[in-house]
Each structure stands twice: as structure tokens, then as C-alpha cells.
Amino acid sequence: MFIPSERDIKEGRTADVYFHRVLRVLEREGLADAEVTVEVTAKSLPEGWEWGVLCGVSEVLEILEGRDVDVWCMDEGDVFRPGEPVLRIRGPYGEFCVLETAILGCLCKTTGIATKAARCKIAAGGKPVYSFGIRRQHPAMSVVVDRAAYIGGCDGVSGVAGAEAIGEEPVGTMPHSMIVIFGDQVEAWRAFHEHLPEDVPRVALVDTFCDEVEEALMAAEALGDALDGVRLDTPSSRRGDMVEIVREVRWELDLRGYDDVSIMVSGGLDEEEIARLAEAGVDAFGVGTAISDAPTVDFSMDVVEVEGEPRAKRGKPSGVKQVWRCSECLGGVVLPEGEEPGSCPSCGGEGLKPALRKFLEGGRRIEEPRSEKEAREHVLSLLDRLDL
Ligand code: PCP
């Protein structure tokens with residue numbers, strides 16, 4: 001398959017060729033050792049997002065570790081805003097110029113995925129949101145996609161490899177194919193219940209051959225107390241008003257004493273539909289494409305200082321910057337490095353703290369980024385102060 005090795009990435013073989021060309025020119029002109037500082041910033045965010053959840057820091061640090069550079073960055077799962085540098089690298093440009101492609105590549109899509117996951121969690125009102133979309137990306141991306149969705153706040157991931165990477169059990173029960181092959185829903189659900197370990201939730205897919213209400217009641221009657229929930233994954237050709245369908249399923253289940261059977265919905269979900277369905281009583285969401293193929297965040301890496309002198313291309317503010325984040329309101333201000341802030345410009349509080357911290361010194365680790373679990377917990381702790 002077409003998958004570059006970790007060594008290919010760390011040695012710049014996945015780089016845009018012009019970075020190798022600029023390195024050749026600079027080396028021959030004796031400029032490859034010029035000490036520069038670069039900053040990675042997103043001038044704007046997709047779809048009018050006002051904030052993003054940074055993801056990919058761990059891999060960026062792995063790529064730069066051992067190179068003769070100093071690296072400051074925001075942490076895995078930190079919230080950032082347009083115009084705020086999230087990463088700063090200082091050192092001989094020749095040390096890292098061929099790594100720019102990989103560094104940006106580790107940040108752009110994963111940050112989009114993590115941000116979209118956080119937005120879905122806000123839309124779901126805190127109800128469980130599971131990452132179900134790795135099938136929409138190349139399998140080489142499956143771990144990265146599920147990890148980013150988890151860091152953004154997803155409660156679980158469907159991928160076996162992704163779940164292993166984050167130290168969780170994978171989430172997911174049955175595809176339509178199982179029921180179609182049996183040709184009988186009840187037989188399929190009963191076989192699932194008979195053959196799978198007890199710790200696998202009994203969530204019956206209830207939209208394969210008949211109406212969702214009808215199949216939900218069939219599943220409840222077939223599995224009784226063993227049934228944990230039903231999943232509605234109604235194909236678009238049959239998808240009426242899912243809010244009304246969910247309300248009817250809930251009503252008919254409750255009327256017959258199955259009020260402990262949860263309702264999960266998957267298929268074609270995005271923020272708006274999740275919010276509507278959460279309101280209608282859906283207990284959990286399986287979100288695929290909206291998260292796994294989330295918009296790419298347009299980070300760029302720009303030289304802002306050369307041999308200690310502020311210098312940047314037009315449109316990019318020169319000089320090295322620090323981002324001061326308010327721990328109270330999550331507001332922030334960007335100031336030249338070394339300049340101390342006053343009170344928070346958004347809430348007036350005194351909670352401003354520097355967001356860019358030093359992680360590598362001379363290529364050696366002096367600080368570890370958050371783990372996936374720590375980053376996800378951090379994101380979840382911020383959601384009540386973030387708006388869609
Ligand atoms: C899909 C599968 C995924 C869902 C939908 C993600 O259903 O269940 O979990 O959909 P999304 O990308 O639109 O959010 P099917 O394609 O019907 O696959 P299956 O029959 O295997 O459930």
C-alpha cells in the first residue's frame with residue numbers, strides 16, 4: 001500500500017520538493033545555519049469557527065526531537081483562535097525546513113477533526129458522541145482520525161487500532177450486513193446476544209427491513225432486559241423527520257415499559273441535526289463523516305525573525321509573539337514575546353497565562369504534552385465556555 005514510513009516522514013521524504021530545493025540553495029550560499037524563528041498560525045478558521053482545538057502536538061514534537069531546535073507550543077487539546085501562533089520553532093533553518101510539510105500535515109486535519117468533535121459534543125449537550133467515521137479516510141489515517149476525535153471530546157471510537165492507541169475499548173455493535181445475511185432481524189439480534197462477550201453492549205440496529213418503531217419493539221420483545229439500546233441509522237431514502245421518528249420510538253418503548261432502552265442515532269449527522277435530536281431525546285450519537293472528514297484548518301508556518309531581527313513576509317506580523325490565555329473566560333491577547341499583559345481584555349480578570357510553553361530545548365524534551373485522556377478531559381472542561 002501507499003504508506004510512507006515514520007523514517008520517511010522524519011527525514012523529510014514526504015516534504016514538498018521546494019523545501020529540499022531551498023535547502024540546497026541556502027547550503028550552497030552558507031545560509032542554512034541562519035538562526036530563524038518560525039511561527040505556525042491559522043489566519044482564519046473554517047466555516048466561521050471562532051475557536052479551534054489544537055491536535056497533533058505530540059507527533060510534531062516527535063518529528064522535531066533530536067533536531068538542533070528550540071520548540072514552544074500550545075498543548076494537545078488547547079483552545080486557540082485565529083491569528084494566535086500555536087507553535088514556534090527557533091534554530092538553524094536548515095535543521096527543520098524540510099520538515100515543514102510534515103509538521104503542518106500533523107496539525108491541519110487533526111485539529112479540524114478535534115474541533116469538529118468538540119462542536120458535536122457541545123451540540124449533543126454533553127451526551128455521548130462516538131467517532132464512527134474512519135471508513136471515510138485512508139486506513140493509514142485511521143488511528144490519527146480516531147485519536148483526534150477522542151481528544152476533541154468523543155466518548156469512544158469505532159476503530160480497533162485507534163481505540164488501542166488511546167487505551168480504550170472500541171465502540172460499535174452491528175452493521176446492516178449481519179441482519180441482511182440472517183434475513184431475519186430477531187434471529188440476528190439473538191445470535192449477536194448469544195455469541196458476543198457480556199461486556200459488549202446489546203444495541204440492536206433497528207432500521208434494516210421495517211419501520212424503526214416496529215423493529216425497536218421487536219428487539220425489546222426479543223431480548224427483554226438484555227437489550228441496552230437501539231440504533232437508528234436510517235438511510236436517507238427513508239429518512240423522514242428523524243426527530244419525529246425518535247420521539248415515536250421513545251414513546252412506544254416507554255409505553256410498554258422499555259424506558260431503560262436507550263436510543264442511539266447514526267448516519268449523516270452534523271452539529272445541527274445532533275442538537276435537534278438531543279432535544280428530542282436521543283441518548284447517544286455515532287458521527288462519521290462530519291468528524292472524520294472535518295474541514296482542514298489552514299495553518300501556515302512563517303518566518304518572523306532572522307538572526308534576531310524581526311522579519312516576515314507581507315501580511316504576517318513580524319517578531320516573536322506570546323499568546324496570553326485567560327483561564328477564566330478563555331479570552332486571549334497576542335503580545336510581542338517578553339511583553340507582560342495587563343488584565344484580560346475580555347473579562348478584566350487577572351487570569352492571563354502564557355499559552356506557548358517550551359517543550360524542546362536543543363531538540364531535547366524538557367516538557368511532555370498531555371496524554372490523549374488528559375487532553376480530552378481538558379477539552380471537556382472548557383466546553384461550557386465555548387459557543388458554536
Ligand atoms: C454507517 C455506519 C456508520 C455511520 C453510518 C456513519 O451506516 O453505521 O457508523 O455515517 P456518517 O459517515 O454519515 O456519519 P451504513 O453505511 O449503513 O453502514 P452499516 O450498514 O455498516 O451500519
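Predicted model: local features only at pLDDT ≥ 70, side-chain atom pairs only at ≥ 80, totals over all residues.
Local features require pLDDT of at least 70 and side-chain atom pairs count only at pLDDT 80 or more, whereas totals for chains, interfaces and linings use all residues. Residues are numbered from 1 along each chain as its sequence is written, and side-chain values use heavy atoms, with hydrogens and water left out.

The domain assignment divides the protein into domain 1 (6–113 + 295–385) and domain 2 (118–292); such bounds come from an automatic or database domain assignment. The centres of the two domains, taken over C-alpha atoms, are 37 Å apart. Domain 1 brings 18 residues to the contact and domain 2 brings 23, where contact means heavy atoms within 4.5 Å.

Strands of a sheet pair through backbone hydrogen bonds, either parallel or antiparallel. Here, strands (E, at least two residues) and helices (H or I, at least four) are DSSP runs numbered from the N terminus, and two strands pair if DSSP finds at least two bridges between them. Strand β12 (residues 299–306) is joined to β13 by two bridges in the antiparallel sense, and Glu305 stands opposite Pro310 in β13.

Axes are lines fitted to C-alpha atoms, for helices over the stretch in contact, and angles run from 0 to 180 degrees between N-to-C directions.

A further open sheet has three strands in the order β15-β14-β16, again with antiparallel pairing. Its edges are β15 (332–336) and β16 (352–354), and neighbouring strands are turned by 30° against each other on average, direction ignored. Three bridges join β14 (residues 321–326) to β16; Arg325 has Lys353 as its bridge partner in β16.

Grid points are joined across faces, edges and corners, and a volume is the space filled by probe spheres set on the points.

The largest pocket holds about 620 Å³. Of its 20 lining residues, Ile9, Glu59, Cys106, Met141 and Val144 are the closest to its centre. Helix α5 supplies the largest share of the lining, five residues. This pocket lies between domain 1 and domain 2, because both give residues to its lining.

The second largest pocket has a volume of about 530 Å³. Among its 22 lining residues, those closest to the centre are Phe132, Arg135, Arg231, Asp233 and Ser266. Elements that give two or more residues to this lining are β11 (284–287) and α13 (289–292).

One cavity of 30 Å³ or more is counted. The largest cavity, of about 40 Å³, is lined by Leu54, Val57, Val60, Cys73, Val86, Leu87 and Leu107.

Technical notes. 1 Å grid on protein atoms, 1.4 Å probe; cavity = no way out; pocket = protein on both sides within 12 Å on 5 of 7 lines; lining within 4 Å.
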